[in-house]
Amino acid sequence: VLNIAITANTTAGDVDVSGTGVTATNIETIAITNNYNSAMTAANKTTALAATQAAAITILSNQPTTITVTGDASLDLTAASTLLTSMDASGITVGATGVFSWTAGVLTAAATVKGAASAINNINLASATEKVTYTGSSGNDSIVLATADKANVLTLGNGTNAVTGVSVGDNTITGGTGNDTFNTGTTGDNTISFGDGTNSFIATTGANTYTGGSGADTVTVTS
């Protein structure tokens, strides 16, 4: 296990190792802890969160299979390991205005992804080649799907969520109580549960099944 501890003193943007990156050889599990300095003032924390300042780190190794992220600060993570099967950021306690961003690599095995429990999640799965099962947060989830013909399962949180990307797979997407936008350009047979809120879904071909909630939902099918 490789343990990485990040501490920000004035804003989470103090820490940026995205350019040089971190190389982990023969390491399968990486645990990242990302916190503000305990002496950091409440005012600085508020400013950092309002500006969505985030520490930035790139994991260069192609060997990790499991990554966990915890802590009270925002994080912009690039981890392109093709062997990754578990990304768990549910231990991030940054709050509703904080951000967890992750850009995945060419995932060659089915992966389970958990966003930060209450923050804004920006998850880019555009390079994934296998099924992804994603669980969101009470905040806003922004998910970019890959074109791979895989049956992805997305359970979004109760914020204002957006799912984009051109997917040919049979996706199962469950929204929350917020206003969700599913603009996937998908050609698969999708199962969409909108949840409550004013939601919209845009698809092309495919036998899609929609279940609405208490809000006014819009479905657009293009050729």
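Leaving aside neighbours within four places in sequence, Leu-77 is in contact (heavy atoms within 4.5 Å) with Ile-32, Ile-57, Ile-59, Ile-67, Val-69, Met-87, Phe-100, Ser-101, Trp-102 and Thr-103. This is a predicted model, in which local features need pLDDT of at least 70 and side-chain atom pairs count only at pLDDT 80 or more, while totals for chains, interfaces and linings use all residues. Residues are numbered from 1 along each chain as its sequence is written, and side-chain values use heavy atoms, with hydrogens and water left out. Here is a tour, from the core to the loops.

**The nonpolar core**

- The largest nonpolar core has 50 residues; such a core is a set of buried Ala, Val, Leu, Ile, Met, Phe, Trp, Tyr and Cys residues joined through side-chain atoms within 4.5 Å.
- Leu-77, Phe-100 and Trp-102 are the residues with the most contacts inside this core.
- As background, nonpolar side chains tend to be buried together in soluble globular proteins.
- For accessibility here, buried means under 20% relative accessible area, exposed over 50%, and partly exposed in between, with a 1.4 Å probe and protein chains only.

**The cavity**

- There is one cavity of 30 Å³ or more. A cavity is a set of points on a 1 Å grid over the protein atoms alone where a 1.4 Å probe fits but cannot get out.
- The largest cavity holds about 50 Å³ of space; grid points are joined across faces, edges and corners, and a volume is the space filled by probe spheres set on the points.
- Its lining is made up of Leu-125, Ala-128, Glu-130, Val-132, Leu-145, Ala-146, Ala-148, Lys-150 and Asn-152, where a lining residue has an atom within 4 Å of a point.
- Sorted by class, the lining of the largest cavity has six nonpolar, one polar and two charged residues. In this scheme Ala, Val, Leu, Ile, Met, Phe, Trp, Tyr, Cys and Pro count as nonpolar, Asp, Glu, Lys and Arg as charged, and the others, Gly among them, as polar.

**Aromatic pairs**

- The whole structure contains three aromatic pairs. Rings of Phe, Tyr and Trp (its six-membered ring) pair if their centres lie within 6.5 Å; planes under 30 degrees apart count as stacked, over 60 as edge-to-face and the rest as tilted.
- Phe-182 and Phe-194 form a stacked pair, at 5.9 Å centre to centre with 15 degrees between the planes.
- Phe-182 lies in strand β16 (residues 181-183) and Phe-194 in strand β17 (residues 191-195), so this pair ties together parts that are 12 residues apart in sequence. Strands (E, at least two residues) are DSSP runs, numbered from the N terminus.
- Phe-182 is buried at 0% relative accessibility, and Phe-194 is buried with a relative accessible area of 2%.
- Phe-194 and Tyr-210 are also stacked, because their ring centres are 6.3 Å apart and their planes are at 10 degrees.
- Tyr-210 belongs to strand β19 (residues 209-212) and Phe-194 to strand β17, so the pair ties together parts that are 16 residues apart in sequence.
- Tyr-210 is partly exposed, with a relative accessible area of 27%.
- Ring pairs link Phe-182, Phe-194, Phe-201 and Tyr-210 into a cluster.

- Thr-135 sits in strand β11 (residues 132-135) and is partly exposed at 37% relative accessible area.
- Beyond four places in sequence, Thr-135 contacts Val-113, Lys-114, Gly-115 and Thr-155.
- Val-153 sits in strand β13 and counts as partly exposed at 25% relative accessibility.
- The C-alpha atoms of Val-153 and Thr-133 are separated by 4.7 Å, although these residues are 20 residues apart along the chain.
- Not counting residues up to four places away in sequence, Val-153 touches Lys-131, Val-132, Thr-133, Tyr-134 and Thr-172.

**Loop residues**

- Asn-26 lies in the loop between β2 (16-22) and β3 (29-36). Asn-26 is exposed, with a relative accessible area of 64%, and has a positive phi of about 60 degrees although it is not a glycine.
- Asn-158 is found in the loop between β13 (153-155) and β14 (162-164) and is partly exposed at 44%.
- Asp-189 lies in the loop between β16 and β17, and is partly exposed with a relative accessible area of 40%.
- Not counting residues up to four places away in sequence, Asp-189 touches Gly-169, Asp-170, Asn-171, Gly-206, Ala-207 and Asn-208.

How values were computed
1 Å grid on protein atoms, 1.4 Å probe; cavity = no way out; pocket = protein on both sides within 12 Å on 5 of 7 lines; lining within 4 Å. Helix = DSSP H or I, 4+ residues; strand = E, 2+ residues; numbered from the N terminus.
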